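Take a walk through this fold.

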Amino acid sequence: MNQVVFSVDEIFPNSHPGNILRGLRTREDLTQAQLAEKIGIRPHHISEMEHGKRPIGRALAKKLATALNASYKLLL
């Protein structure tokens with residue numbers, strides 16, 4: 001049986017990394033403050049990333065992904 005794999009962009013064409021971050025955080029049942037504490041940043045930075053006002057760089061994506069049990073590539 002052939003398995004078809006789709007990228008996040010194909011499934012959610014209007015999504016941006018902040019939406020994915022919010023979804024992963026919600027899946028893990030974490031508040032913005034809890035996630036921020038886990039990775040050592042200020043809570044308002046999580047909010048800014050989720051709203052597309054702050055970019056998510058590779059190093060931060062890796063920290064977030066570890067805390068959220070996900071691939072960092074989803075957040076880039």
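The paragraphs below take these topics in turn.

This is a predicted model, in which local features need pLDDT of at least 70, side-chain atom pairs count only at pLDDT 80 or more, and totals for chains, interfaces and linings use all residues. Residues are numbered from 1 along each chain as its sequence is written, and side-chain values use heavy atoms, leaving out hydrogens and water.

The largest nonpolar core has 15 residues. Such a core is a set of buried (under 20% relative accessible area, 1.4 Å probe, protein chains only) Ala, Val, Leu, Ile, Met, Phe, Trp, Tyr and Cys residues joined through side-chain atoms within 4.5 Å. Leu21, Leu35, Ile46, Ile56, Leu64, Leu68 and Leu75 touch the most other members. Two or more residues come from each of helix 2 (17–27), helix 3 (32–39), helix 4 (43–50) and helix 5 (58–68). Helices here are DSSP runs (H or I, at least four residues), numbered from the N terminus. Helix 5 gives the most, with 4 residues.

Helix 3 and helix 4 pack at about 110°, axes 8 Å apart. Axes are lines fitted to C-alpha atoms over the stretch in contact, with angles from 0 to 180 degrees between N-to-C directions. Helix 3 is therefore roughly perpendicular to helix 4 (65 to 115 degrees). Contact (heavy atoms within 4.5 Å) involves Gln32, Ala33, Leu35, Ala36 and Ile39 of helix 3 and Pro43, Ile46, Ser47 and Glu50 of helix 4.

Asp29 lies in the loop between helix 2 and helix 3. Its phi is near 60°, a positive value in a non-glycine residue. Asn69, in the segment after helix 5, has a positive phi of about 55°. Asp29 is exposed (over 50%), at 67% relative accessible area. Asn69 is exposed at 56%.

Conventions: Parallel < 35°, antiparallel > 145°, perpendicular 65-115°, else oblique.
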